[in-house]
Amino acid sequence: QLQLVESGGGSVEAGGSLRLSCAASALFTNIYCMGWFRQVPGKEREGVATIKPNRGSTDYDYSVKGRFTISRDNAKNTLYLQMNSLKSEDTALYYCAAHTNRWYGCDMRSAGRFVYWGQGTQVTVSS
């Protein structure tokens, strides 16, 4: 059973930066796709960015493109999300997620295909 543990959330002023981390309990070689999602109370969970750990290919939601960077350290089995130029609308509970099935693809718009989820880490951006 793959376990994911996020860290790095916090409070920051608009324009600031944060880096989220997600430590995985399994080797990245066994994971096909990882992603960062976020959710605000009363709204659906939305995808932020995805990465295929073995290939390094990435994808971003238009709302964060150019500001956020998803990356991974395969030696540490850790996923990152560097968030720059933060805006108040980035305030949310951020989740790390993963799946191991290549037939699912790596699409942040298909959150239901991500089988493994972390507990979430809160990001609050004040304007």
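Q: Are C22 and C96 buried or exposed?
A: In this predicted model, C22 is buried and C96 is buried as well, where buried means under 20% relative accessible area, exposed means over 50%, and partly exposed lies in between, using a 1.4 Å probe and protein chains only.

Q: What joins C22 to C96?
A: A disulfide links them, with an S to S distance of 2.1 Å; the term stands for a pair of cysteine sulfur atoms within 2.5 Å. The link of C22 and C96 is left-handed, with -70° about the S-S bond. It connects distant parts of the chain, since C22 sits in strand β3 (residues 18-24) and C96 in strand β9 (residues 92-99), 74 residues apart.

Q: Before going on, how are residues numbered, and what should I know about the model?
A: Residues are counted from 1 along each chain as its sequence is written, and side-chain values use heavy atoms, with hydrogens and water left out. Because the model is predicted, local features need pLDDT of at least 70 and side-chain atom pairs count only at pLDDT 80 or more, while totals for chains, interfaces and linings use all residues.

Q: OK, how many disulfides does the structure hold?
A: There are 2 disulfides in the structure. In the other pair, C33 and C106 have their sulfur atoms 1.9 Å apart, and with 75° about the S-S bond this link is right-handed. C33 lies in strand β4 and C106 in the loop between β9 and β10 (116-117), so the pair ties together parts that are 73 residues apart in sequence.

Q: Why do C33 and C106 count as buried?
A: C33 counts as buried because its relative accessibility is 0%, and C106 is buried with a relative accessible area of 17%. If the bonded cysteines of the chain are numbered in sequence order, the pairing reads 1-3, 2-4.

Q: Switching topic, how many helices and strands are there?
A: The chain has 0 helices and 11 strands; these are DSSP runs numbered from the N terminus, with helices being H or I of at least four residues and strands being E of at least two. The radius of gyration, taken over C-alpha atoms, is compared with a globule rule of 2.2 Å times the number of residues to the power 0.38. For this chain the radius is 13 Å, close to the 14 Å that the rule gives for 127 residues, so the chain is as compact as a globular protein of that length.

Q: Why is β5 described as largely enclosed?
A: Strand β5 (residues 46-51) has 5 of its 6 residues buried, so it is largely enclosed by the rest of the structure.

Q: Which strands does β5 pair with?
A: Strand β4 (residues 33-39) pairs with β5 in the antiparallel sense over 5 bridges, and pairing here requires that DSSP finds at least two bridges between two strands. Within that pairing, R38 has E46 of β5 as its bridge partner. Strand β6 (residues 58-60) also runs antiparallel to β5, joined to it by 3 bridges, and T50 stands opposite D59 in β6.

Q: What about the turns in those hairpins?
A: The hairpin of β4 and β5 has 6 residues between the strands, and G42 takes a positive phi near 90° there. The hairpin of β5 and β6 has 6 residues between its strands, with G56 at a positive phi near 85°.

Q: Which residues touch the most other members of the largest nonpolar core?
A: They are L4, M34, W36, L79, L81, M83 and Y94, in a core of 29 residues. A nonpolar core is a set of buried Ala, Val, Leu, Ile, Met, Phe, Trp, Tyr and Cys residues joined through side-chain atoms within 4.5 Å. Another core, of 5 residues, lies apart from it and includes C33, F37, A97 and F114.

Q: And where is R67 found?
A: R67 is in the loop between β6 and β7, and it is buried, with a relative accessible area of 11%. A polar atom of the R67 side chain lies 2.9 Å from the backbone oxygen of S85. Leaving out residues up to four places away in sequence, R67 touches Q82, M83, N84, S85, L86, K87 and D90, a contact being heavy atoms within 4.5 Å.

Key:
Polar contact = N/O pair within 3.5 Å; in protein donor to acceptor, adjacent residues only side chain to side chain.
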